[in-house]
Amino acid sequence: MSEGKDCGGGDALSNGIKKHRTSLPSPMFSRNDFSIWSILRKCIGMELSKITMPVIFNEPLSFLQRLTEYMEHTYLIHKASSFSDPVERMQCVAAFAVSAVASQWERTGKPFNPLLGETYELVRDDLGFRLISEQVSHHPPISAFHAEGLNNDFIFHGSIYPKLKFWGKSVEAEPKGTITLELLEHNEAYTWTNPTCCVHNIIVGKLWIEQYGNVEITNHKTGDKCVLNFKPCGLFGKELHKVEGYIQDKSKRKLCALYGKWTECLYSIDPATFDAYKKNDKKNTEEKKNSKQMSTSEESDEMPMPDSESVFVIPGSVLLWRIAPRPPNSAQMYNFTSFAMVLNEVDKEMESVIPKTDCRLRPDIRAMENGEIDQASEEKKRLEEKQRAARKNRSKSEEDWKTRWFHQGPNPYNGAQDWLYSGSYWDRNYFNLPDIY
């Protein structure tokens with residue numbers, strides 16, 4: 001931990017880029033002494049957004065900050081823009097969509113629920129983007145975000161309503177809402193929705209995470225689609241973390257196959273080669289099954305052991321994306337990536353420009369990051385009560401909540417209900433902001 005003393009927010013510069021912290025001020029607490037079951041047994045089949053969880057099960061980030069982790073691999077957007085071929089662009093966009101959920105691997109801490117009117121901004125000159133997000137609704141909880149390339153090369157925006165359900169042994173989060181990426185140089189827009197995320201072994205055993213469901217990315221200019229299948233782990237864990245699918249043109253002709261693991265990498269290959277490999281793989285699996293005469297047990301919630309060789313690379317494949325290794329202190333730091341480690345850092349200079357609604361200024365998250373768990377718990381309770389009182393006062397005076405930086409409207413490309421950026425955040429003119437902390 002000795003190297004991690006630059007906790008407030010590194011103001012040293014290296015290569016002209018702000019040097020970011022590599023550690024949190026305090027390692028995480030052990031959750032072993034706490035039973036999540038005592039809280040959750042009352043909630044089977046219920047929506048979890050209405051349940052207050054003890055702070056020990058959180059990680060020291062707001063859901064607005066957690067959403068910002070979509071941006072970790074922004075280089076894939078820049079790479080997509082650089083290609084003249086729409087299929088190569090779609091490959092990079094698909095890799096970006098997969099990489100956007102990769103940081104969730106082993107992140108079993110729950111982010112703090114944002115308060116209504118809470119905001120978060122992130123400017124990363126080194127990665128070429130800036131982002132603003134706002135909690136635009138409390139029931140249902142909806143977070144809206146808008147990111148733009150610093151060279152005016154892309155806009156990436158969306159609104160997410162993470163619908164949480166508890167199923168006895170697991171918690172399932174279905175991130176409802178459309179995600180839109182616009183590549184401005186190509187006058188192209190892509191939309192998709194994220195896969196469902198599930199945390200297993202909520203009651204006993206080691207918590208583990210899987211993502212499953214189909215993600216369909218549409219290029220609204222060419223009509224090309226990329227349909228990716230995030231596979232559930234299956235009975236013996238053979239499919240754990242696997243993603244595969246195809247890019248097809250508007251007449252459904254396969255142009256390219258994609259495969260990999262959302263925790264690791266994504267490859268592209270010619271569809272005929274991929275289909276031949278799949279057919280052969282299936283045959284081998286069935287032969288193995290017959291020779292072993294496996295007994296089928298009921299589906300277990302225990303974490304399956306992934307195959308020893310991680311992703312078999314089919315000859316002729318092209319690597320689209322590979323995850324960066326986590327920092328060595330990640331396990332003591334809520335399994336954060338290097339990117340997540342810096343999301344809540346703040347310095348005097350930043351504090352003087354960000355609005356008072358920015359979640360870096362939220363006292364419960366700050367206390368938890370500093371290892372002050374009792375204070376974090378008290379502050380979380382105080383903030384939730386303050387929010388309830390403000391809501392009561394508004395309903396008495398029949399006053400409606402007004403969002404500041406986003407407005408509701410149809411998504412310009414697929415018509416779905418969305419929250420769109422209203423502009424002017426970066427003018428830094430923050431007046432009449434709500435007092436939420």
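Q: Which residues does Phe83 touch, not counting residues up to four places away in sequence?
A: The model is predicted: local features need pLDDT of at least 70, side-chain atom pairs count only at pLDDT 80 or more, and totals for chains, interfaces and linings use all residues. Residues are numbered from 1 along each chain as its sequence is written, and side-chain values use heavy atoms, with hydrogens and water left out. Contact means heavy atoms within 4.5 Å. On that basis, Phe83 touches Glu88, Arg89, Cys92 and His186.

Q: Is Phe83 buried, partly exposed or exposed?
A: Buried means under 20% relative accessible area, exposed over 50%, and partly exposed in between, with a 1.4 Å probe and protein chains only. Phe83 has a relative accessibility of 22%, so Phe83 counts as partly exposed.

Q: How far apart are the C-alpha atoms of Phe83 and His186?
A: Phe83 lies in the loop between helix 3 and helix 4 (86–99); helices (H or I, at least four residues) and strands (E, at least two) are DSSP runs, numbered from the N terminus. Along the chain, Phe83 and His186 are 103 residues apart. Their C-alpha atoms are separated by 9.6 Å.

Q: Which side chain of opposite charge is nearest to Glu72?
A: Glu72 is placed in the loop between helix 2 (63–68) and helix 3 (75–82). Lys and Arg count as positive and Asp and Glu as negative, while His and the chain ends are not counted. Glu72 is buried yet has no salt bridge, a salt bridge being a side-chain nitrogen of Lys or Arg within 4 Å of a carboxyl oxygen of Asp or Glu. At 6.7 Å, the nearest side chain of opposite charge is Arg107.

Q: Is Ala376 buried or exposed?
A: Ala376 is found in helix 9. Its relative accessible area is 0%, so Ala376 is buried.

Q: What is the C-alpha to C-alpha distance between Ala376 and Pro60?
A: Leaving out residues up to four places away in sequence, Ala376 touches Val55, Asp364, Ala367 and Met368. Pro60 is 316 residues from Ala376 in sequence. In space, C-alpha to C-alpha, the two are apart by 9.5 Å.

Q: What percentage of the residues of the protein chain count as buried?
A: The protein chain contains nine helices and 20 strands. Among contacts with a separation of 6 or more, 62% are between residues 24 or more positions apart. Of the 437 residues of the chain, the share that counts as buried is 53%.
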